[in-house]
Amino acid sequence: FERYLYPEDNPFDFKTKGEYLESLNANDMRSLKGDLVRSHDELLIANFLFVRGIKYQYEARYKVKTATPKFRQYKPDFYFPEYDIYLEHYGIDRNNKAPFTDSKKYNKSMEWKRMTHKKNNTKCLETFHYQKREGTLEDSLEQQLGIHGIKSDPLPSDSILGTLRELGQISVLSNLLSALLRNIKNRYETIDEAINIASRVSDSDQALAALHLLVPILERYKQSLEQNGEIDFEDMIHLATRHVTEGLYTPDWKYILIDEFQDISLSRATLIRTLRDRAKDCSVFCVGDDWQSIYRFAGSDLNYTTNFGTEFGDYSLVKLNRTYRFNNSICDLATKFVTRNPIQEKKRLMTHKHANEPAVS
């Protein structure tokens, strides 16, 4: 929870500040204390302080008035009220470069903050983004806190868990791990195989943390199912596939019809192929639209739609390219949006309704 709950976005990886802020807003990045923070760096600092029981205020107003008609009141990143000490975290690299902004302007603002503290005789500790990238941020912070006599009083685990429950973070993680468990079972993977796959991907720290956390939970889950003589939905699919493969059931169907095919997963696709291959002269008829796939989180794999021939063999395709749901104005805008993804199937939709004015605001 302290380190891996949110994706570790590096501001230097974004082209514009707008894209970076959009990512932050999408993740609603909150510290263990509940503060909505402005970066993953600040999240680590806030959580570091909270877990150690160091009282802080996030972006509290500076004790001296600095607001002018052109500039708002100065609000340092962190303030320790018991010690009357501030902390500023600067988002620069080793070369004093700032992301997606004028570095000269950013460095000028840094100098203004330093001069303001010097002028008003207020103490301000400093940390930097490059320390986070180099893995020295927490060590530097701990050293500075010790030098200035800021003492820690670590919170007990039960207290932190209570806070997480109040913030709803336990439920968020539970849903994430449930989806992860379903995905692993959907793909016929063991937890060790999933960890091995994730470890070969760059920037996989968050995924690996979740998978390692899932190991004991998965074991307890399997034990619970066995003790109660139960199976889950993924087990049903696997057992049905094995039943047909071992010749315990032979379908006599001529056609297998599947709707919403774009949301099919590996395990379900395997069951369908097994049923088709065990039946005599059986055809599979699928209706699906890769533009409407929304269940990736639940294990759906769009490759079965976009690479249908590779997965199911020879086929014929009928395109239903007229829509009755909306007019041409909405259709044109939606098409531009969806086709930003280069792997979507190329198709031209026609609409039954026509509008001469914009229909989306």
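Predicted model: local features only at pLDDT ≥ 70, side-chain atom pairs only at ≥ 80, totals over all residues.
Past the helix comes G247, which has a positive phi near 80 degrees. The buried residues of α10 are E234, D235, I237, H238, T241 and V244, and their cover includes α7 (169-186), α9 (205-227) and α11 (266-278).

Turning to the nonpolar cores, the largest has 41 residues, and L49, Y56, F78, F80 and L145 have the most contacts inside it. Helix α2 (residues 40-51) is the leading contributor to this core, giving seven residues. A second, separate core holds 15 residues, among them V244, F261, I272 and F308; V244 is also one of the buried residues of α10. Within the largest core, F78 touches E42, I45, A46, L49, Y56, Q57, Y58, I85, Y86 and L87, when residues up to four places away in sequence are not counted.

Finally, N327 belongs to strand β7 (residues 322-327). Its relative accessible area is 15%, under the 20% cut-off, so N327 counts as buried. The N327 side chain reaches two backbone nitrogens, that of S329 at 3.0 Å and that of I330 at 3.0 Å. With neighbours within four places in sequence left aside, the contacts of N327 are T351, K353, H354, A355 and A359.

How values were computed: Residues numbered from 1 in each chain as written. Heavy atoms only, no water. Buried < 20%, exposed > 50% of the residue type's maximum accessible area, 1.4 Å probe, protein only. Helix = DSSP H or I, 4+ residues; strand = E, 2+ residues; numbered from the N terminus. Contact = heavy atoms within 4.5 Å. Core = buried A, V, L, I, M, F, W, Y, C linked by side-chain atoms within 4.5 Å. Polar contact = N/O pair within 3.5 Å; in protein donor to acceptor, adjacent residues only side chain to side chain.
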